[in-house]
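Please read them with the model in view.

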Amino acid sequence: MTILDGKKISNDIKDEITEEVKKMKAKGEKVPHLAAVIVGNDGASLTYVGSKVRACERVGFESTMIRMSNTTSEIELLDKIEELNENPDIDGFIIQLPLPPQINTQKVLMAVDPTKDVDGFHPENFGKMALDMSTFIPATPFGILELLDRYNVETKGKHTVVIGRSHIVGRPMSILMGRKGFPGNSTVTLTHSHTKNITQITSQADIIITALGVPGFLKAEMVKDDVVIIDVGITRVQDDSSPKGYVITGDVDFENVSKKASYITPVPGGVGPMTIAMLLKNTLLARDIHNQ
């Protein structure tokens, strides 16, 4: 069994990006600039945006964190987005989700300039991805593809089962794993909360990508030997024996499933670190688009 080490691979990617930025600086060129907008005081969101800012510092990017209050109106946020769209210094930006209830998330994501949409959430970018055109791939699916690529995990002709159909992970993964090329060319089954006989489906899978957010959902009896497991789930589970009072748990019963798997991502340290690395990669791509 091989651990798909997202921590190691994400560090490799950051090192590669750092080298590219050094070359830009040596030529006197503009370095990539990523902005993040956060509305409200959601603890997990603040932590996540903070780690994105630190990642920018590490690779030599410029970064801007824009904090807006919990009472921000939709109009105020849309005005801020318009400002970022028109600012030539900013190559890409993200709107950290979730947003407060008074703001229509769909409307906000639609307002982002597709050439600065480094999260890959705008319908124009999602459509291009579905049509195999060059575009921004959402960072988590992009990270999963990169892990499969760098560990040379065979995907051609394999049966991939995706658990969960979110627009951020499940839906794009089902499209990407079925596309031509590597990683891809697999036969994809997309499962969700209304799927019947899910064990029957998962037990036939060569590759399982689970993004459900249900701790320990995927059990050893649900998978076959030599399965490849990508666990996107990340849930805080109360644990009084832990110094923090909680542990981070994935969708997979790691201890038992790992005994049957050929490759598996740990939680934490698997898909999570890859997401931020690929956001940096998308920002690099955005800078190239704007400098053409």
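1. Start with Asp-12 and Lys-8, whose side chains form a salt bridge with N to O at 2.7 Å. The term stands for a side-chain nitrogen of Lys or Arg within 4 Å of a carboxyl oxygen of Asp or Glu. Asp-12 and Lys-8 are four residues apart in helix H1 (residues 6-26), and so are separated by about one helical turn. Asp-12 is partly exposed at a relative accessible area of 24%, and Lys-8 is partly exposed at 43%. Here buried means under 20% relative accessible area, exposed over 50%, and partly exposed in between (1.4 Å probe, protein chains only).

2. On the source: this is a predicted model, in which local features need pLDDT of at least 70 and side-chain atom pairs count only at pLDDT 80 or more, while totals for chains, interfaces and linings use all residues. Residues are numbered from 1 along each chain as its sequence is written, and side-chain values use heavy atoms, with hydrogens and water left out.

3. How many salt bridges does the count come to? The count is 13. One of them joins Lys-128 to Glu-124, with the closest N and O atoms 3.9 Å apart. Both residues lie in helix H5 (residues 123-130), four residues apart, about one turn of the helix. Lys-128 is partly exposed at 27%, as is Glu-124 at 40%.

4. Asp-288 forms a salt bridge with Arg-287, the closest N and O atoms lying 3.3 Å apart. Asp-288 is partly exposed at 35% relative accessibility, whereas Arg-287 is buried at 6%. A network of salt bridges links Glu-16, Glu-146, Arg-150 and Lys-281.

5. Met-1, Ile-3 and Phe-254 make a nonpolar surface patch with about 260 Å² of accessible area together. Patches take residues with over 30% relative accessible area and no salt bridge, joining like charges within 9 Å and nonpolar side chains (Val, Leu, Ile, Met, Phe, Trp, Tyr) within 5 Å. Accessible areas come from the Shrake-Rupley method with a 1.4 Å probe, and for residues only the protein chains shown count as cover. Ile-3 belongs to strand S1 (residues 2-3) and is partly exposed at 33%.

6. Overall, the protein has 10 helices and 11 strands, taken as DSSP runs numbered from the N terminus (helices: H or I, at least four residues; strands: E, at least two). The C-alpha trace spans about 55 × 40 × 40 Å along its principal axes. Buried residues make up 50% of the 292 residues.
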